[in-house]
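Please read them with the structure open.

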Amino acid sequence: MRRKTRSCCFPSCRPPAGRRGLAALLALALLVLSGCGGGKEDSLRIGAALYTQDDTFISAMAQDLEGLVREAESETGKKITLFIADGKSSQNTQMDQVDRFLARGCDVLFVNLVDRTAAAVIADKAEAEGVPLVFFNRQPVAEDIQRWDGIYYVGADARESGELQGKLVLEAWQADRETLDRNGDGILQYVMLEGEPGHQDSLLRTEYSIKAVTDGGVEVEKLANETANWNRAQAAARTAQWLEEFGEGIEVIFSNNDDMALGAIDALADTPQSRWPLIVGVDATAPALEAVAAGQLYGTVHNDGRGQAQAMIDLALALWNGEDPAVELTDGHYVWLPYRQVTLENLGEFLER
Ligand code: GAL
Ligand code: CA
């Protein structure tokens, strides 16, 4: 990778232009004292900014980060300090948190943007301090990622999750059309629970799930779609309205994530129905896997949060050590983790994790 020529403590050793004179003197003094330009080589400080901790998938990722940092410490013998900040869905709050991380001398930043369009401002702050920046889960546009070679994105391809979700439904329809096509018209009537507006996962999962079904030769009819902002309670409220409006006319409920699929299940559990529609989600969170086991959720698509957390830590360690990371980098900036389908058939593999 491109950054490997850096010295062992490079991120905090590269001062912003305005401070170069003083920083050069300091660096020289530290070089003399420690032999390693800053003496930080035994302690890596990571600042992780979450868009909100009140999100099932993101809070699980935060736990993974904490656990994996401890593992990395014992494997490498280096001290790693992970600071986690909850942006509480406010981009202003997150900006302050990023400023604080930089002021504290963090060596690497992990940023889960509240607002994807704020990426450029954060990228410029990190570049000015020479601190590598790893965006995750909420993908900035390519121009923002390419602003500086110290910017990375770790995530999963939203389009792939949509396609895999759509294929789950397509295969279920092909295998048992008589049961799924409740009104026997040969058309799949569905509703779509969407994540936050403007989020890459909402847009692409919504589009590509349906495309996979129609590409498979099945005609579809959208009864309704609405955002429930990734949120279980909001999804339960939307679904309750739809059940009132369409009754048993809903054949499939597509949900952009598992929490909203669980919200749909909550609404169904509260509404007398002779048969439930087929429901699919994305993430494979622990409660969603339970719902698959219970036969309430037909399937989901595993969003590998732990794999993403591991890649971020590997990247941080490598950048800090000035080494090649053990992760595969696409276009010098991206680490992609694959999605996988989950149904009752392979559920065991995911429950073991
Ligand atoms: C998605 C995930 C959602 C939600 C969202 C937050 O990848 O499927 O459940 O966590 O990220 O950005
Ligand atoms: Ca039908």
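This is a predicted model: local features need pLDDT of at least 70, side-chain atom pairs count only at pLDDT 80 or more; totals for chains, interfaces and linings use all residues.

1. Residues at the ligand. The shell around ligand 1 consists of Tyr51, Asp55, Phe57, Asn137, Arg138, His199, Asp201, Arg205, Trp230, Asn257, Asp283 and Asn303. Sorted by class, five of these residues are charged, four are polar and three are nonpolar.

2. Polar contacts. Histidine 199 has a polar side-chain atom 2.8 Å from an oxygen atom of ligand 1. For arginine 205, the distance from a side-chain N or O atom to an oxygen atom of the ligand is 2.9 Å. For asparagine 303, the corresponding distance, again from a side-chain N or O atom to a ligand oxygen, is 3.2 Å.

3. On its own, ligand 1 has 310 Å² of accessible area, and the protein covers 99% of it. The space that ligand 1 takes up is the largest cavity.

4. Salt bridges. How many salt bridges does a search of the whole structure find? The count is 15. One salt bridge joins the side chains of arginine 70 and glutamate 73, with an N to O distance of 3.2 Å. Both residues belong to helix α3, which spans residues 56-76. Arginine 70 and glutamate 73 are three residues apart there, or about one turn of the helix.

Terms used:
Residues are numbered from 1 along each chain as its sequence is written. Chains are lettered from A and ligands numbered from 1 in the order in which they are written. Side-chain values use heavy atoms; hydrogens and water are left out. A residue is near a molecule or strand if one of its heavy atoms lies within 4 Å of it. A polar contact is a pair of N or O atoms within 3.5 Å; within protein, one must be able to donate a hydrogen and the other to accept it, and residues adjacent in sequence count only if both atoms are side-chain atoms. Accessible areas come from the Shrake-Rupley method with a 1.4 Å probe; for residues, only the protein chains shown count as cover. On a 1 Å grid over the protein atoms alone, a cavity is a set of points where a 1.4 Å probe fits but cannot get out, and a pocket is an open set with protein on both sides within 12 Å along at least five of seven lines; lining residues have an atom within 4 Å of a point. A molecule sits in a cavity or pocket if more than half of its atoms lie within 2 Å of its grid points. Ala, Val, Leu, Ile, Met, Phe, Trp, Tyr, Cys and Pro count as nonpolar, Asp, Glu, Lys and Arg as charged, and the others, Gly among them, as polar. A salt bridge is a side-chain nitrogen of Lys or Arg within 4 Å of a carboxyl oxygen of Asp or Glu. Helices (H or I, at least four residues) and strands (E, at least two) are DSSP runs, numbered from the N terminus.
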